[in-house]
Amino acid sequence: MMLHWYALKIFFNKVFTWEGLLEDKGLETYLAVQKVQLKGEAHLTARKKLAEEAGQKEMRYIEDGPLIYERKPLVSSLLFVKAGQEDILEIQALLKEKDAFGRVKGFIYRSADKESFATVSSREMAIFKLVVESGAGGLEFFADDDFTRFKKGSRVRVKEGPLKGAEGYIKRIRKDRRLLVCIEGVIAVATSFIPSENLEIIEEE
């Protein structure tokens with residue numbers, strides 16, 4: 001069965017619930033998060049919540065010995081899932097189910113022509129993950145309707161540093177030359193300034 005990555009927009013702050021639901025179905029997911037160590041009252045509240053939800057799949061909090069971390073989404077409501085055609089159609093049906101207030105639960109991003117679901121290549125996902133998980137500071141995320149105005153500078157690859165291997169476009173954003181890594185039609189992430197000596201030009205095919 002052919003599997004593809006798809007991007008989901010989850011409404012009503014339920015992204016962790018859907019992450020758990022999809023993983024319970026045996027599907028691989030990816031949620032761009034920042035782990036923040038909790039202290040004081042926040043730590044106690046999270047520990048109580050973890051005890052109440054023991055055995056459940058939702059992973060908003062992570063325990064590491066006596067420490068507790070909160071996973072905070074870097075991009076509101078955006079969840080990626082790797083699925084086959086049958087699975088993605090089932091996910092679409094679940095998202096279109098209405099809640100008690102008559103609201104749908106989310107949607108799957110569609111291709112530019114709106115005729116099919118947009119698929120994200122494994123390479124795009126790998127580069128996106130590399131940037132998100134690099135530990136590099138100054139990352140800024142843009143929705144599709146925001147970042148289109150920033151393209152398109154030279155296509156480059158990072159040669160050195162925590163972002164080594166990342167590919168994207170150099171573009172001036174608010175007076176700074178930054179690397180823009182895009183998942184077309186879904187999301188883009190802009191890094192902080194990268195020195196030109198750490199970049200190499202990629203020839204467009």
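Predicted model: local features only at pLDDT ≥ 70, side-chain atom pairs only at ≥ 80, totals over all residues.
1. The space in the largest cavity comes to about 30 Å³.

2. The residues that line the largest cavity are Ala32, Val75, Leu78, Phe80 and Phe128. Sorted by class, this lining consists of five nonpolar residues, with no polar and no charged residues.

3. Helix 3, which runs over residues 85-96 and has 12 residues, reaches 17 Å from its first C-alpha to its last, a span close to the 16 Å expected at 1.5 Å a residue. Its buried residues are Ile88, Ile91 and Leu95, and because they cover an arc of only 55 degrees around the axis, they lie on the same side of helix 3. Glu86 and Lys96, by contrast, are exposed on the other side of helix 3.

4. As for the packing partners, the buried residues of helix 3 pack against strand 1 (4-10), helix 1 (15-24), strand 6 (78-83) and strand 7 (106-108).

5. Val181 has its place in strand 11, which spans residues 176-183, and with a relative accessible area of 3% this residue is buried. Leaving aside residues up to four places away in sequence, Val181 touches Ile127, Val131, Glu167, Ile187, Ala188 and Val189. One of these contacts, Val131, is 50 residues apart from Val181 in sequence, while the two are 8.2 Å apart in space, C-alpha to C-alpha.

Technical notes: Residues numbered from 1 in each chain as written. Heavy atoms only, no water. Helix = DSSP H or I, 4+ residues; strand = E, 2+ residues; numbered from the N terminus. Buried < 20%, exposed > 50% of the residue type's maximum accessible area, 1.4 Å probe, protein only. Contact = heavy atoms within 4.5 Å. 1 Å grid on protein atoms, 1.4 Å probe; cavity = no way out; pocket = protein on both sides within 12 Å on 5 of 7 lines; lining within 4 Å. Points joined across faces, edges and corners; volume = space filled by probe spheres on them. Nonpolar A, V, L, I, M, F, W, Y, C, P; charged D, E, K, R; others polar. Expected span 1.5 Å × (residues − 1). Arc of directions from axis to C-beta.
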